Amino acid sequence: MQIANYCLGDEHKILELFELVFKQKMSLDYWRWRFLNNPAGSKMIKLMWEEDKLIGHYAVSPLSMNINNQLIFTAHSMTTMTHPDYGGKGIFKLLSLALYDEIENNLGCKAVWGFPNNNSHYGFINSLQWENITIIHTMGISPQKLVVSNNKLEVTEFELFDNEKANFIQSKINKFSVSIHRSKEYLNWRYCENPSVNYKKFYFNQKNERAVIITKIYPTTNDDVFDLNIVEAHLENYELIHDYLDYIVKSYHCNFNRITMWKNIFDIDHLKLEKKGFAPTLPQTYLCSRSHHTIANKFNDYRNWYISMGDSDVY
């Protein structure tokens, strides 16, 4: 067995292994978008080979973060997979430590972080020196509980982020010590260029009370009913959120079981959502990190984080 960095053309073997391990396909367009076209960098991938057979894979996706008002280079932990015939050989740990050593010591990456699932959480914490930051609970509300006013909304459904919208979004999260840097380039890459997910992007302006809300739909066990995921929500007036959501729900022309989003419980806006009927619901999600010793202590304190569903690759 031999560890190697990704080389041009390896993506075809990577996609074959992905389908074998996860029993679903990842498109080549999606892979290129996520791992080659990221504006923060690309190709942070370690592979394990048995001659010409790919038997292990671990990749992280680079992210620029605002940490204590400084732009810091970090990485979002992504796809880990081992060929089913090679389980129990420590391949995941070998690949992870090799990748961490390279990006921390050669590329200046200050933290690897992400949302390990129930299968990988134990390994990250027990074997790879990761730390728990929190368990994120989902906030939800039924569309039937929306109470709509008679406000006539000024709404623009837009395709691309401009500087005005990006600056507005960044202004709403500047009070947090830790957040993904939501530049115009990042927002357009994340929500406009993704070839696999159709995000709807709404800009509201009610008497200069602005809001930007980004949504996607998620199927439920009922083929005719969906969840509405709010992957980003930046509001100046939460008293209008029912009006905003009612407009968005109607724009989809389909049936929704619930409306869901993430909101840090230490964020003052969490209480505003509670006031408007949002309540904790499933799923719950681990947020963990492996931080370089030079990074600020605030990084692993969830009270300092701005977090949204869009920070996860799942949404």
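Start by selecting Leu107, in the loop between α3 (91-105) and β5 (111-114). Helices (H or I, at least four residues) and strands (E, at least two) are DSSP runs, numbered from the N terminus. This is a predicted model: local features need pLDDT of at least 70, side-chain atom pairs count only at pLDDT 80 or more, and totals for chains, interfaces and linings use all residues. Residues are numbered from 1 along each chain as its sequence is written, and side-chain values use heavy atoms, leaving out hydrogens and water.

Stay on Leu107. Buried means under 20% relative accessible area, exposed over 50%, partly exposed in between (1.4 Å probe, protein chains only).

Now show the neighbours. Leaving aside residues up to four places away in sequence, Leu107 touches Met44, Phe73 and Glu102 (contact: heavy atoms within 4.5 Å).

Next, select Cys109. Cys109 is buried, at 0% relative accessibility. Its sulfur lies 16 Å from the closest cysteine sulfur, in Cys288, so the gap is too far for a bond. The disulfide count is 0 (a disulfide is a pair of cysteine sulfur atoms within 2.5 Å).

Last stop: the lining of the largest cavity. Select Arg34, Leu63, His76, Ile180, Tyr186, Arg190, Gly310, Asp311, Ser312 and Asp313. Lining residues have an atom within 4 Å of a cavity point, on a 1 Å grid over the protein atoms alone, where a 1.4 Å probe fits but cannot get out.

How values were computed
On a 1 Å grid over the protein atoms alone, a cavity is a set of points where a 1.4 Å probe fits but cannot get out, and a pocket is an open set with protein on both sides within 12 Å along at least five of seven lines; lining residues have an atom within 4 Å of a point.
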